[in-house]
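Have the sequence and the model open while reading.

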Amino acid sequence: MAVALLSRSSRLVICALLFISLFSEVGVLRRAAALGINYGQVGNNLPPPPQVVQLLASLRIGKVRIYDINPQVLSAFAGTGIELIVTVPDDLVPGMAASPSQALQWVTAGVRPYFPATRVTGIAVGNEVFTGDDEQLKASLVPAMRNLHAALAQLGMDAYVRVSTANSLAVLATSYPPSQGVFTQQAAPYMAQLLRFLAETSAPFWINAYPYFAYKDDPTKVSLDYALSNPYRVGAVDPYTHLQYTSMLYAQVDAVTFAAARLGYGNVPVHVSETGWPSKGDANEAGATVENARQYNRNLLMRQVNGEGTPLRPKLRLEVYLFALFNEDMKPGPTSERNYGLYQPDMSMVYNVGLNQLSTTSAAASLSSLATSPASRTVSTRLVLHESFINFSEM
C-alpha cells in the first residue's frame with residue numbers, strides 16, 4: 001500500500017514538473033527572441049538570404065544587425081517580424097553630413113521601399129569611428145546622424161527607426177572599476193555631441209565589447225570565468241559602489257554608463273552591438289577554443305533568458321547582439337577573425353550554444369539540457385549603490 005502511494009505521489013510530482021517545464025519553455029522562447037545577432041557577409045560561400053532567414057526564424061532570433069542595406073537581405077526579412085538594424089558605411093558619412101538631401105536619398109532609396117514589411121528598427125552610422133584616425137569622419141558623424149534622423153522624420157519613420165553608431169570600448173580611458181569609467185580626452189568632445197543627440201531622439205548608445213581581447217592579452221592575470229561571464233563566480237567588486245560583477249561584459253557596459261553620466265547623460269541606455277568569442281585562433285591567441293566560445297555565448301543566452309540587467313541597472317535587461325551568425329572566410333586578420341560564427345557557411349553548427357534546442361526539441365528535453373548547464377542558474381542579488389554615486393537601480 002505504501003509502495004503504491006509512493007509510486008502515485010512520484011508520478012504526480014513528475015507530471016507537475018513536466019507541466020512547469022512546458023510553460024517555462026514558453027518564457028524561454030520569448031526571452032530568446034530578445035537576443036540579437038550580427039549577420040555579417042564577408043564570405044564567398046555563405047547561404048542565400050532566404051535560407052538565412054529560415055535559420056534565424058527556426059532559432060527564434062528576434063533581432064539582427066547587418067552591415068549594409070543589401071536589397072536581397074532586406075527583401076528576405078519582409079514579413080518575418082525580425083527587428084533589423086542596417087548600416088551606413090564609413091565612406092558615405094561625410095557626404096550625408098554635408099548634404100541633408102544625400103541622407104534623404106539614402107533612406108528613400110535603400111530603406112523606405114522595404115519598410116514596414118521589413119521591420120527596420122535601427123540605423124548604425126559608421127562603425128567604431130571615434131577610435132579611428134580619420135578626423136574628418138569623426139567630425140562628420142553626428143551631423144550625418146542628425147540629417148538621417150531628419151530624413152526619417154520627413155518620411156514619417158522616425159518613431160520606428162532609431163539612429164545610432166557602434167563604438168569600440170577603446171573610447172574609454174578607464175573601464176575598471178566600472179564606477180570610474182571615463183571617456184578618453186580625444187573622444188570626450190565627440191561623445192558629448194553624440195550623447196546629446198541620442199538623448200534627444202531616445203536612441204541607445206551602442207558599444208562593441210569583447211572580453212575575449214582582455215583575456216587573450218593577459219591570460220595569466222585575467223580570470224577566464226570572469227571573461228566568460230560564468231554566473232557562479234564573482235570576478236570583481238567595485239570598491240566605490242560595492243557592486244559585484246560575475247561578467248566582465250556587464251562591467252564594461254556599466255563603465256560606459258558611468259562615463260556617459262559624467263557628461264550628464266546617465267539616462268541614455270547602453271546596448272551591446274557586438275560581442276563574441278572565437279572558436280579557433282592562432283598559436284598566440286590564448287583562449288580561442290570551441291569550448292570557451294560555446295560557454296561564453298551560452299552564458300549570455302541564459303542571462304538573456306533570465307532577463308538579467310547589469311548590476312548598475314538590474315531591472316533593465318541588457319540588450320545584446322552576438323557576433324556572429326556565420327564564420328566568414330574572407331575577413332582579414334588573424335585566424336580568430338574568421339571564426340566567431342555560431343554556424344559554418346553550410347549552416348551546420350560550429351558548436352551547440354542551446355538555441356537549436358530551444359526551437360526544435362521537446363519542452364522536457366530542452367529544459368533538462370539547459371538545467372544541466374552551469375549557466376542556467378539565476379544570479380539574483382539586490383545591489384544598492386553607495387549614496388555618493390548616481391542611483392541607476394530604478395532605470
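## Ala170 and its surroundings

Ala170 touches Thr131 and Thr184, leaving aside residues up to four places away in sequence. The model is predicted. Ala170 sits in a loop, between strand 5 (162-168) and strand 6 (172-174).

Is Ala170 buried, exposed or partly exposed? Its relative accessible area is 47%. That falls between the cut-offs of 20% and 50%, so Ala170 counts as partly exposed. Ala209 lies 39 residues from Ala170 along the chain. The C-alpha atoms of these two residues are separated by 9.1 Å.

## Tyr190 in helix 7

Tyr190 belongs to helix 7. Its relative accessibility is 17%. Buried means under 20%, so Tyr190 counts as buried.

Which residues does Tyr190 contact, apart from neighbours within four places in sequence? They are Phe130, Glu135, Lys138 and Ala139. For Ala139, there is also a C-alpha separation: 7.7 Å from Tyr190. Along the chain, Tyr190 and Ala139 are 51 residues apart.

Side chains of opposite charge can pair when their charged atoms come close. Arg146 and Glu200 form a salt bridge, at 3.0 Å from N to O. This pair links distant parts of the chain. Arg146 is in helix 6 (residues 135-154), and Glu200 is in helix 7 (residues 188-201). The two are 54 residues apart.

Arg146 has a relative accessible area of 34%. Arg146 is therefore partly exposed.

How many salt bridges does the model hold in total? The count comes to 11. One of the pairs is Lys63 with Glu83, whose closest N and O atoms are 2.9 Å apart. Lys63 is in strand 2 (residues 63-65), while Glu83 is in strand 3 (residues 83-88). The pair links distant parts of the chain, 20 residues apart.

Both partners fall under the 20% cut-off for buried. Lys63 has 11% relative accessibility, so Lys63 counts as buried. Glu83 has 18%, so Glu83 counts as buried too.

Lys63 and Glu83 return here as members of a network. Salt bridges with shared partners join them to Arg119 and Glu319.

How values were computed. Residues are numbered from 1 along each chain as its sequence is written. This is a predicted model: local features need pLDDT of at least 70, side-chain atom pairs count only at pLDDT 80 or more; totals for chains, interfaces and linings use all residues. Side-chain values use heavy atoms; hydrogens and water are left out. A salt bridge is a side-chain nitrogen of Lys or Arg within 4 Å of a carboxyl oxygen of Asp or Glu. Helices (H or I, at least four residues) and strands (E, at least two) are DSSP runs, numbered from the N terminus. Buried means under 20% relative accessible area, exposed over 50%, partly exposed in between (1.4 Å probe, protein chains only). Contact means heavy atoms within 4.5 Å.
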